[in-house]
Amino acid sequence: MRPFFALLILTWPRAFRARFGAEMLGHAVEECDSAFDEGWGTGWRAVLGTALDVLGAGIAERLHPSWSGISGGGVDFEMGVRTMMGRWMGDLAHAGRTLRRAPGFTAATVATLALALGVTGGIFGFVDAVLLRPLPWPGADRLVYVVASAPGSDLPEEFPVSREFVVQYEEATTLSSLGAFNDFTSTLRADDRVERLRQSVVTAGFFTAFEVAPVLGRLPTPDDERGVLISHALWTTWFGADPSVLGRSYEFADGPREVIGVMPEDFRFPRADVAAWLPFSFTAEDIANPGRFGEFGIVGRLADGADVAAVERELSALARRLPERFGGSPAYARTIEQHVPVVRPLRDEILGPVSGPLWVLMGAVTLVLLIACGNVAGLFTVRSEGRIRDMAVRRAVGAGRGDLMRAQLAEAVVVAGLAGTAALGIAHLAIPAFVRMAPDGLPRIEDVALSWSTAVFVLLAAAAAALLSGFVPALRAAAPDLARLRDGARGSTRERRWGRDALVAGQTALALVLLVGSGLLLRSFHELRSVDPGFDTEDILTFQFAPSESHLVDGPTWARFHMDAMERFRALPGVEAVGIIENVPLDESLRQFPFTAESTGAVAEESGPRLGVTFAAHDYFAAMGIGVLEGRGFIPDDALVGGSVVLSRGAADLLFPGESPLGRRLRNQGIEAWHTVVGVVEDVRQDDLRSPVTPVAYYPLVGPEPRSWAMTSPGYVIRSSRASSLGPEVRAIVRELAPSAPLYRVYTMEYLVDRSMVQLSFTMLTLVIAAGLALLLGSIGLYGVLSYMVAERTQEIGVRMALGAEAGRVRRMVVRQGARILALGILGGLLVAAAASRALGALLFGVAPFDPWTFGATALAMGGVGLMATYLPARRASLVDPIQSMRGG
Amino acid sequence: MPTSAQDGLSNLEYHVLLAVCQGPLHGYAIRDAVEAESAGALAPRAGTLYRVIARLASAGLVGETDGSSEPHPGLARRYYELTAEGRMALADEARRLEGAAALALQRLGARP
């Protein structure tokens, strides 16, 4: 710390420095030392504060001198700093000159470190923006997220609560404010623009809990039912950031609402893509039928002195009293008995799912950096061995150990300095590339950039790399046996080799850890790709459009519109089948409701099995390649008459176990009219390929009444071998049918499959790159060490060959030595990988963390590549000319 | 630019003079005294503190003394004490502050 402050004090005017420099330095150091006694946080704050103060006051002193006196007695400070700095500057300059004379060595070390530092910096840019920066809301660490769980019931592991919970929880004293939200994708219509965008209903407490104010307009009042707050993104993209948007009315999910405010750019909750928050309110009196679970997520702010556990206790007690206050069926009372509230910091809820993969990547690139440091350290060691006599001479003529160590470290500092600078350039290029590869839902990805903190991190990592890679050679330079070497004694080769061998074995181990990790992810990826989603993933195009023609007023008019449109698409050349579906699999998820079958009669509805509900028509099942197992799929009449329903296999098994569901009737909590089952189809994976299949009931386009429901913008599914090139023709038809309706969410099913796996593929790809780098660097390290060994033992090899050793034997000798190092490294690597592979956790699919095949195959690959690296040195050894070698020695 | 007594003293200057009023102190002790006597409002860090000391020394309000009673290992510490001029400047400032404070209390008292 002393040299650091001494440097800063050099900014002061000379006269001031001479008189007060030493005192000021002592003062600054003492101040920071005593701050560190109170803890690291206080200490570092003091260092930063004092540094800024010394710097700022120094500049002020230069502008407005306060010291007019004559210097006296301050020489010791100047001298001390100057000697210290002078020595370092001298060493650095000398290191610069020597490195310039060895361009090959310099290029190799700088490039190795720069590459590793650049990649590390790139990933750190992600970690920093996504994980390390605090959430952008005031007191965000006091925000908690609340959902429900009911262990032992058939409800999902965690599920959003029903509205009576919200009313009941409002009495909690451990939460100072509490808001409920429910987000979904729905049509938004403004002027001539229509799109399905994410919207969220929110209760008034939602904004209170976040303590955020709109950048424009106002927050809703408690009974504001027809106002709406829009996102900053929507405001800029749809309305050109025009302030006059306030007060205008547009069609949101539930009809016209008046824009009352624009939220700040960094307010993106519950999802990053929320475009509008629709204020919504209800009271205890509005709740006639408790137990409609799955409706609301809750966010709350901890009251002073309360913690997560206290909130859990209080909410648990409050929830117990729900049946007493709101009534409900016996099944409801049973669910409440099993209910356990789940409360966790909002930060964990938002960042939890991505923190694992990102830290895995950070760990991976750190390993690559360590391997790179190992290589550079190896190169430095080899280089310093070459200069051992030179150093021995310097020691003999009086250079201290410190001087020699400094000289060695100076080279590492110069190399790392150059590498750090180059790494900034690499990170600058790598970060946008990583961002393009990154998964869609990664929170705060828009903030990922080469920030100041990333730049500082890269430079600090470069400094650490300088220490790491310069430390071993510097110790060698200071070794006590150095003096013995000055007369040319070769010292004990074995002892010196040990350090280098350990270095390479360590590198091999680290590289193998990365290889195992990427091997496990590759296998997961393969397993996931071979999951049968229940539908075909090729030759399918899906898209949506939202017509707004004035004659479209109810279920039947919409249904007729879509049936006509489907006929048009069907007539396109090369189209085999066309269908529509409310929620395209892998694109949107389903709403779930408890179902009742007619035969089971009296059983209360909320205890019935929960099935996903969606709407489909025409040749949807044929277009998707979903097999019809029993009965039939939808026919055009179903879309216009209604009353029929198609079940997925899982749904049929749940509702009618062991019997045929055809002709049976069912209803659910959302759609209360009875519907007759006309067919059973294969199950599909709705959310992603990892999740189990969702049991689904497919309803037709029209309900029992014209106003029951209307499909305003369902997903169209077209099966055609020309799926990826149909876009323009589809667009032309849409323009004809509904001139003002935009076409959106145009995807091929292949794209949706890729998108559903993007988190895995991103981590996998990055890890594979890291592992590839590690393998390359590790084998270069091995190659370097063996080459050096061969060069060092040229004389010995020459003698052996002169005595009749065959070339093959010499080759084997070198390979054997390389193999020993490799084996040690592989053994160590397997042990570390076994301990570390758990970190991949949720990313793995269909493969155990200790998958023996992956471990074996990667160990073999590592060994194979390693042995190849030993080949060149071994060949060189076998080509040693005995005469030459002895002459040259 | 040396501060003269007529210019009035900054708050920090006043507190530094106040600190060395009772006897010679070294830099770090001055800092501690300033922090304690200003009830934590002022806690100058190294750069700011030594600029003020330099300014007061240039103006002749504090002087340097060797009166070290507790030799400090390592760093030779220097002690600062109030000069006669400094004592006058401090007294002037104290009276000025007293007048200003009395005025404030009087006005506040007049308008409860």
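About 2100 Å² of area is buried between chain A and chain B, and carbon and sulfur atoms give 50% of that area. Three residues of chain A stand out here. A:Glu23, A:His27 and A:Ser66 supply 29% of the area that chain A buries against chain B, more than any other three residues. Keep in mind that this is a predicted model.

Now count the residues. On the chain A side, 30 residues are in contact with 22 residues of chain B. A:Glu31 pairs with B:Arg45 in a salt bridge, and their closest N and O atoms are 3.7 Å apart. That distance falls within the 4 Å cut-off for a salt bridge. Polar contacts between the two chains come to 13 residue pairs, both residues being at pLDDT 80 or more.

Which helices of chain A supply residues to the side that touches chain B? Both α2 (14–37) and α3 (40–63) do, with at least two residues each. The largest share comes from α2(A), which gives 12 residues. Sorted by class, the side of chain A that touches chain B has 12 nonpolar, 11 polar and seven charged residues.

Turn next to a patch on the surface. A:Leu55, A:Ile59 and A:Leu63 form this nonpolar patch. Together the three residues have about 280 Å² of accessible area. A:Ile59 sits in helix α3 of chain A.

Most residues other than glycine have a negative phi, and most peptide bonds are trans. Against that background, look at A:Glu211. This residue is not a glycine, yet its phi is positive, at about 55 degrees.

From A:Phe269 to A:Pro270 the bond is cis, with omega near 5 degrees.

Terms used: Residues are numbered from 1 along each chain as its sequence is written. Chains are lettered from A and ligands numbered from 1 in the order in which they are written. This is a predicted model: local features need pLDDT of at least 70, side-chain atom pairs count only at pLDDT 80 or more; totals for chains, interfaces and linings use all residues. Side-chain values use heavy atoms; hydrogens and water are left out. Contact means heavy atoms within 4.5 Å. Buried area is the accessible area (1.4 Å probe) that two parts lose on being put together, summed over both. A salt bridge is a side-chain nitrogen of Lys or Arg within 4 Å of a carboxyl oxygen of Asp or Glu. A polar contact is a pair of N or O atoms within 3.5 Å; within protein, one must be able to donate a hydrogen and the other to accept it, and residues adjacent in sequence count only if both atoms are side-chain atoms. Helices (H or I, at least four residues) and strands (E, at least two) are DSSP runs, numbered from the N terminus. Ala, Val, Leu, Ile, Met, Phe, Trp, Tyr, Cys and Pro count as nonpolar, Asp, Glu, Lys and Arg as charged, and the others, Gly among them, as polar. Patches are made of residues with over 30% relative accessible area and no salt bridge: like charges are joined within 9 Å, nonpolar side chains (Val, Leu, Ile, Met, Phe, Trp, Tyr) within 5 Å. Accessible areas come from the Shrake-Rupley method with a 1.4 Å probe; for residues, only the protein chains shown count as cover.
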